[in-house]
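I opened the model today to look up its fold, its core and a few side chains. My notes follow, step by step.

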Amino acid sequence: MKPIYPLRRTCKEVTALIIAREDRELPRLERWALRLHMAMCQACPTFERQVLTMRQAMGRWRHYSEQDASEAN
């Protein structure tokens, strides 16, 4: 019988959690699993920063108006 690791997640699972976290609060077990994985992985924190950058850029874009464009010229 294979041992069970309830907090172990793959990078693919973690990226799905990072994206899901944008829409809803994660359950405690998933938050712990995410935190544990992020402490051990080099790639997933980079992905998380990219998602945060995109969220900030989209927030700025939503508030952009034609008046802002004409003031820039």
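Accessible areas here come from the Shrake-Rupley method with a 1.4 Å probe. On that basis I get about 6300 Å² of accessible surface for the chain. Carbon and sulfur atoms hold 57% of that surface. I note that this is a predicted model.

**Entry 1: the fold.** I looked up the secondary structure. The chain has four helices and zero strands. Read along the sequence, the pattern is α-α-α-α. I then checked burial. Of the 73 residues in the chain, 23% are buried. I also looked at contacts with a separation of 6 or more. Residues 24 or more positions apart account for 52% of them.

**Entry 2: the core.** Which residues make up the largest nonpolar core? I find ten: Val14, Leu17, Ile18, Ala20, Leu26, Leu34, Met38, Cys41, Cys44 and Val51. Helices H1 (11-20), H2 (28-40) and H3 (43-62) each give two or more residues to this core. H1 gives the most, with four residues. In soluble globular proteins, nonpolar side chains tend to be buried together.

Ile18 is in contact with Leu34, Met38, Cys44, Phe47, Glu48 and Val51.

**Entry 3: Cys44.** Cys44 belongs to helix H3. Is Cys44 buried or exposed? Its relative accessibility is 2%, so Cys44 counts as buried, the cut-off being under 20%. Beyond residues up to four places away in sequence, Cys44 touches Cys11, Val14, Ile18, His37 and Met38. I followed up Cys11. Cys44 and Cys11 are 33 residues apart in sequence. In space they are 6.6 Å apart, C-alpha to C-alpha.

**Entry 4: His37.** Next I went to His37, which is one of the residues that Cys44 touches. His37 is found in helix H2. With a relative accessibility of 10%, His37 counts as buried because the cut-off is under 20%. Leaving aside neighbours within four places in sequence, His37 is in contact with Arg9, Thr10, Cys11, Val14 and Cys44. I checked Cys11 again from this side. His37 and Cys11 are 26 residues apart in sequence and 8.1 Å apart in space, C-alpha to C-alpha.

**Entry 5: Arg9.** Arg9 is among the contacts of His37. Arg9 sits in the segment before H1. Why does Arg9 count as buried? Its relative accessible area is 14%, so Arg9 falls under the 20% cut-off. With neighbours within four places in sequence set aside, Arg9 is in contact with Val14, Leu29, Glu30, Ala33 and His37.

**Entry 6: Glu48.** I came back to Glu48, one of the contacts of Ile18. Glu48 lies in helix H3. Leaving aside neighbours within four places in sequence, Glu48 is in contact with Ile18, Arg21 and Met38. Which side chain does Glu48 join through a polar contact of 2.6 Å? The partner is the side chain of Arg21. I also noted a C-alpha distance. Glu48 and Ile19 are 29 residues apart along the chain, and their C-alpha atoms are separated by 8.6 Å.

**Entry 7: rings.** Last, I searched for aromatic pairs. The count is zero. I then looked for a charge over a ring. The charged end of Arg8 sits over the ring of Tyr5, 4.6 Å from its centre.

Technical notes. Residues numbered from 1 in each chain as written. Predicted model: local features only at pLDDT ≥ 70, side-chain atom pairs only at ≥ 80, totals over all residues. Heavy atoms only, no water. Phe/Tyr/Trp six-rings, centres within 6.5 Å; stacked < 30°, edge-to-face > 60°. Lys NZ or Arg CZ within 6 Å of the ring centre and 35° of its normal. Core = buried A, V, L, I, M, F, W, Y, C linked by side-chain atoms within 4.5 Å. Buried < 20%, exposed > 50% of the residue type's maximum accessible area, 1.4 Å probe, protein only. Contact = heavy atoms within 4.5 Å. Polar contact = N/O pair within 3.5 Å; in protein donor to acceptor, adjacent residues only side chain to side chain.
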